[in-house]
Number of protein chains: 2
Amino acid sequence: MSNKIYFTPGPAQLFYTFEEHLKRALFQDIPSISHRSSTFIKVIQETNEALRELLALPENYDIYFLNSANEAWDRIVQNLVENSSHHFANGAFSKKFYDFAREHGKQSTCTEVGDGHAFDSWDIPEAAELIGITKNETSVGFSFTEEEIAKLRASNPDKLIALDVVSATPSLPVDFKNVDTAYFSVQKAFGLPPGLGVWLVNERCHEVASGRAKSTSLGSYRALPNLKKFGDKNQTPETPNMLYIYLLGKIAQDMINAGIRRIQNDTIYKATILNQVIEDHPQLSHFVDSKPHRSKTTIVANAEDTDKFITFFEKKGIVLGAGYGDHKKNHIRIANFPTHSKESIEMLCDLMLKME
Amino acid sequence: MSNKIYFTPGPAQLFYTFEEHLKRALFQDIPSISHRSSTFIKVIQETNEALRELLALPENYDIYFLNSANEAWDRIVQNLVENSSHHFANGAFSKKFYDFAREHGKQSTCTEVGDGHAFDSWDIPEAAELIGITKNETSVGFSFTEEEIAKLRASNPDKLIALDVVSATPSLPVDFKNVDTAYFSVQKAFGLPPGLGVWLVNERCHEVASGRAKSTSLGSYRALPNLKKFGDKNQTPETPNMLYIYLLGKIAQDMINAGIRRIQNDTIYKATILNQVIEDHPQLSHFVDSKPHRSKTTIVANAEDTDKFITFFEKKGIVLGAGYGDHKKNHIRIANFPTHSKESIEMLCDLMLKME
């Protein structure tokens, strides 16, 4: 790796043990061995076990490997939605899940509020079979609270709930018992290169999918019954991204060893000092008004002159995130992921306050 | 990498320049930079240009990145087949493409002959919109000849032809003018880890897809019109497997520098001596009867005692492929890819002849 530090919210700074594990993976020929060999079956098993422990994933969940969170939207719609889903959107990514459902021809609906705004209506059409929510909207730094998710669960016991945990997991505690499926890509908080998605699925999803499979096509190799058929044997239908599955398991294990509580507490500490800087800085202000909804992993600030910030830090070898989409020119985004040490965030805060 | 040599037909031996390029990629932070940055747009552009030159890809083709050949089957069916496709199957992979189409609910048909048998009937139902053929059936070492493909093109000018070039490209010359779409995964002849697929698509496919898009869903982020929208700007709809796209471009460029003619001629030489060993060896015989259809990149032999061969070579740090699926116990498969030097294949041949 170069000497730069990436505070971009994904693709992001690689996890600090990444290169070490990569070397070991190559030494063990992980990219060349058979994906049906006992060695690789053990790799999948270890990655699954590490993720299960790290995320405190309930027993009734299975873990499947996809290639991106985009693919998770695709597969959720294909497998779990017959006619309609309902989405809560207040940023580019939550909106995209809704768009995907519509593109698949579903009669989906959306509660759309302005980017970064909190939701005040929780009405959901009766027809919706699945509710799509986003734990951490990476584009604008808005987080659903655990209370809101629990409330949605309580008032919609019969609908499936799909939770986007991209850039949330494992930094923010998530109670997966309140949802039925969740997904993330590894290039955010896990500090891996992009190219792998993880799909978490409980037994209610399996029931819905097998029910639907009797009368309709759920796709092919990544139809849920097929994923389950192979997943139950710690295998995948196709030759998967073996190297990243290995690396994800190793990094998840490192995070377990470091202590997930510590990682989550450090996340709060680092978010607190970053938020303080936004409050103290004359040229910055919070984008998300509602304090309890401000993301702790993706700090987003309004900046009068985004370029000035980005260029200032670029010269010091520090890469900040620009705003997403329409916000490119008036937001800065700062990732606060497990690989970012307290010291590196403290240094960043100092520099921000010292800049002209 | 360990000191082992993998002659398995995928996942396979990594290309000999892989680690060098990987180091450079990490030094340049390829996995951390933005996938929308000008740096990464240039990576995609360079990879596309290198592939185009290496494969002698006609001007009317576009190149898109998927995650596997399995996904290519999925996307071809979703995007290009309204009601029915027709498939030529004589092994596990050609059969799977047909299975995928059926699983997607298509009324597809299949000319199925025994594994590794040559086709003698070329009749195709009028209803078939697309013909699926497999240049190199990796499971049993059967190759379609270029003449057969040209003949299919000539007698089916109005149907789309999809050619599976997994484990064929770039070792075998393929005239892409005779087909409309082709695809491969990178863990075979390109010597990369698994996790990236490449989809080649000509303008006829775009026409079919945009026509169908008016009345039906082609999926979402990887609907062909969407791939084209981003691809025309050297971008991808989602955050892709950036590292492997970079590495694929570098390895393709290395192959251009080495000379594609030389690679293809060496492939013939290495296949010739391997085939000679199969003829000379008392315990081996060719699986594919028809000589012109024997694969030059995936040499498959009937073996009286497969385990004996595999164990003998394993002790020497050489990994041979077992048979695929039902053939596991009575075939050995030997990959003959660009990373396998003439010397390594000569050594393998010597050892095979010397073994008891």
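This is a predicted model: local features need pLDDT of at least 70, side-chain atom pairs count only at pLDDT 80 or more; totals for chains, interfaces and linings use all residues.
Q: Which residues of H2(A) are buried, then?
A: They are A:Phe40, A:Val43, A:Ile44, A:Thr47, A:Asn48 and A:Leu51.

Q: Why do the buried residues of H2(A) line one face of the helix?
A: Start with the general idea: an α-helix has 3.6 residues a turn, so residues three or four places apart point the same way. Now look down the axis of H2(A): its buried residues fall within an arc of 125°, so they line one face.

Q: What do those buried residues pack against?
A: Their partners are strand E2, strand E10 (197-202) and helix H8 (242-258), which belong to chain A as well.

Q: How many residues does H2(A) have, and how far does it reach?
A: H2(A) covers residues 38-54, which makes 17 residues, and spans 24 Å from its first C-alpha to its last. That is close to the 24 Å expected at 1.5 Å a residue. After the helix comes A:Ala56, with a positive phi near 50°.

Q: OK, on to sheets. What should I look for?
A: Strands of a sheet pair through backbone hydrogen bonds, either parallel or antiparallel. In chain A, seven strands make an open sheet with mixed pairing, in the order E2-E10-E9-E8-E5-E3-E4.

Q: Which strands stand at the edges of it?
A: E2 (61-66) and E4 (109-112) of chain A do; each has a single partner strand, so one side of each is left without a neighbour in the sheet. From one strand to the next, the twist averages 20°.

Q: In which sense do E5 and E8 of chain A pair?
A: Strand E5 (residues 130-134) and strand E8 (residues 160-164) of chain A run parallel, joined over five bridges. For one of the bridges, find A:Thr134: its partner in E8(A) is A:Asp164.

Q: Where does helix H9 of chain B lie?
A: First find the open sheet of five strands in chain B, ordered E1-E13-E14-E12-E11. H9 (residues 260-280) lies across E11, E12 and E14 of chain B, at about 5° to E12(B). Helix H10 (residues 306-314) of chain B lies across E12, E13 and E14 of that chain, at about 160° to E13(B).

Notes:
Residues are numbered from 1 along each chain as its sequence is written. Chains are lettered from A and ligands numbered from 1 in the order in which they are written. Two strands pair if DSSP finds at least two bridges between them. Helices (H or I, at least four residues) and strands (E, at least two) are DSSP runs, numbered from the N terminus. Two residues are in contact if their C-beta atoms, placed from the backbone, lie within 7 Å. Axes are lines fitted to C-alpha atoms, for helices over the stretch in contact, and angles run from 0 to 180 degrees between N-to-C directions. The expected span of a helix is 1.5 Å times one less than its number of residues. A residue is buried if 20 or more other C-beta atoms lie within 10 Å of its own, exposed if 12 or fewer, and partly exposed in between; C-beta atoms are placed from the backbone. The arc is that of the directions from the helix axis to the C-beta atoms.
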